[in-house]
Amino acid sequence: MRRQFKDTAIRLAEHDDKLVLLFGDISVFLFSEFKELYPDRLLNIGICENTLISMAAGMSAAGFHPIVHTIAPFVTERSYEQVKLDLCYNCLGATIVTCGGSFDYAWDGATHHCYTDLELMRMLPGMEVMQPGSKKEFDTLFSTCYNNGNPSYVRIAADEHGLDLPVEFGKGVLIKETRGANLTVATAGPLLGNVLSACSDLPVNIIYFHTIKPFDRDLLERFAGTRIIVVHDAFGLFEAINATCSVKAEYHGLPDEFCCYYGTLEDIRRKLGLDAAGIRCAVETTLLQDGNKGSQDAQTT
Amino acid sequence: MDRISKEIRENILRIAHHSGHGHIPTCFSIIEMLRAVYESMRYNPKQPDYDERDIFILSKGHAALGLYCTLARYGYFPISDVFSLGVFGSNFGCHADRFKIPGIELSTGSLGHGIGVAAGMALGFKLSGNSRKVFVLIGDGEANEGSVWETAMVTANLHLDNLTILFDNNRSQSRCLPVTNPEEKFTSFGLKAMTVDGHDVSAIKEVVLCPVEGTPRAIVAQTTKGMGCPTLVRDVFAWHRRSPNSDELKILLGELNETSV
């Protein structure tokens, strides 16, 4: 997905001389081609996230479409006030593109895990928040938002959900609807792949969101009468669902403790019960609690 | 202190008394810097957003009342408007809102932000081949924030010679974390730094107007919190966020009038 970021940036920069990349000393080699094509429009500013965000606000005020790119925890958690005030309060548009969300840097430990970014950004007035689960979703969402004058947050993932889904900014996707089902599984980002593996043969509905804010109220309201289980390896989706309309939702995701394990993304997901087996177990448990057998008449879109 | 500087300070005192708000000593330490900038930069109070204007950002946003009274003096709005300071529904808050006040380029308040935004504007103007300049005023207390020095390094590395940092060295952090030898610090961070009398409009204008090439500039202005009123200078911490009652207003106005011209 990070390569897609590079390809999309090159494509857009050709027609937009106001597109400027401000990097926090990551992805520089990957963007060599961009640097060769547009040497003045990729600035590797330094390992200074507060300044990166403030400067992006200033560049926006000067008429540019700045894109800040660095590692998720350092720019969202450390520089939260810069995002809040310099971008959101001052209504200065910039796009923050991060990598290392959730447990993408699993092997680096808790200092490099970042599961709060989506929710932190969601809470800020005026901020748009996206968690694409595929290259196609990244390309469409980023291209839609990067120059719209609003502050935006786009999280690049290390893996993908593997599906070719329709993409429209602010719109969720109905993945599976089961006639008579009283349980709906909601998820976001690449974790959809595990959710689908876990639940494709269960009598549940599955709804998917690549855009956390603005949230697709229409899609959620369609299933508001069912019990909802939010399966997500971050905070943000559960809160967005509860903030959107009155629903009976529960969360299968992160515990209230640091994840002090190393290994791979898959290792961490398995430990947290967010691999396909863990998700299936959680969903089946919920189904049994409800006594909800529903119909096996599944229709997958 | 000339008539204009006294007039601005008198308005600050009267509005602080009327509203019950105001950081008077810190406002008093920056008046001559504000005047020097507005008498040096391109601006048009009748068309505050015109494209070729230079930019001034008050990064130490709690001195907003000082900036309001200066902007009123330079024609942005009548001073009578500012008497609504801090009232529900007023455009004039204790920290400025760029969407409400003409001439305010950035809504500030939390320290350590304005300098980074100013750097971004300066970079933007340079990339556009534009000759616009950016001035940002920060305080010595504000310079306790790491973001100030983070940005200072970046501005030098990017050769932002269209950026001027005005450092209000009123030594407000003497009881806490003093920023000693700021000129030396800015120089070591790669900026062109110089020290001036922060209450001498002509001296500040002279360095502001002096062209620099290849490096951003830091002007360390030696200032006194509460300059113009000995009561404020003597008891600077007690007056940090106080507004004067009627008796105190009389005393402070009397002291201001007695200050030599």
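**Stop 1: chain B, fold**

Select chain B and colour by secondary structure: nine helices and five strands are present, where helices (H or I, at least four residues) and strands (E, at least two) are DSSP runs numbered from the N terminus. Followed along the sequence, the order in chain B is α-α-β-α-α-β-α-β-α-β-α-β-α-α.

This is a predicted model, in which local features need pLDDT of at least 70 and side-chain atom pairs count only at pLDDT 80 or more, while totals for chains, interfaces and linings use all residues. Residues are numbered from 1 along each chain as its sequence is written, chains are lettered from A and ligands numbered from 1 in the order in which they are written, and side-chain values use heavy atoms, leaving out hydrogens and water.

**Stop 2: chain B, dimensions and burial**

Show the C-alpha atoms of chain B; along the principal axes they fill a box of roughly 55 × 40 × 35 Å. Next, colour chain B by accessibility: 57% of its 261 residues count as buried, that is, under 20% relative accessible area (1.4 Å probe, protein chains only).

**Stop 3: chain A, domains**

Now select residues 2-155 of chain A as domain 1 and residues 173-300 as domain 2; these bounds come from an automatic or database domain assignment. Which residue counts from each domain of chain A make up the contact? Domain 1 of chain A contributes 27 residues and domain 2 of chain A contributes 27 residues, contact meaning heavy atoms within 4.5 Å. The C-alpha centres of the two domains of chain A lie 27 Å apart.

Terms used:
Buried < 20%, exposed > 50% of the residue type's maximum accessible area, 1.4 Å probe, protein only.
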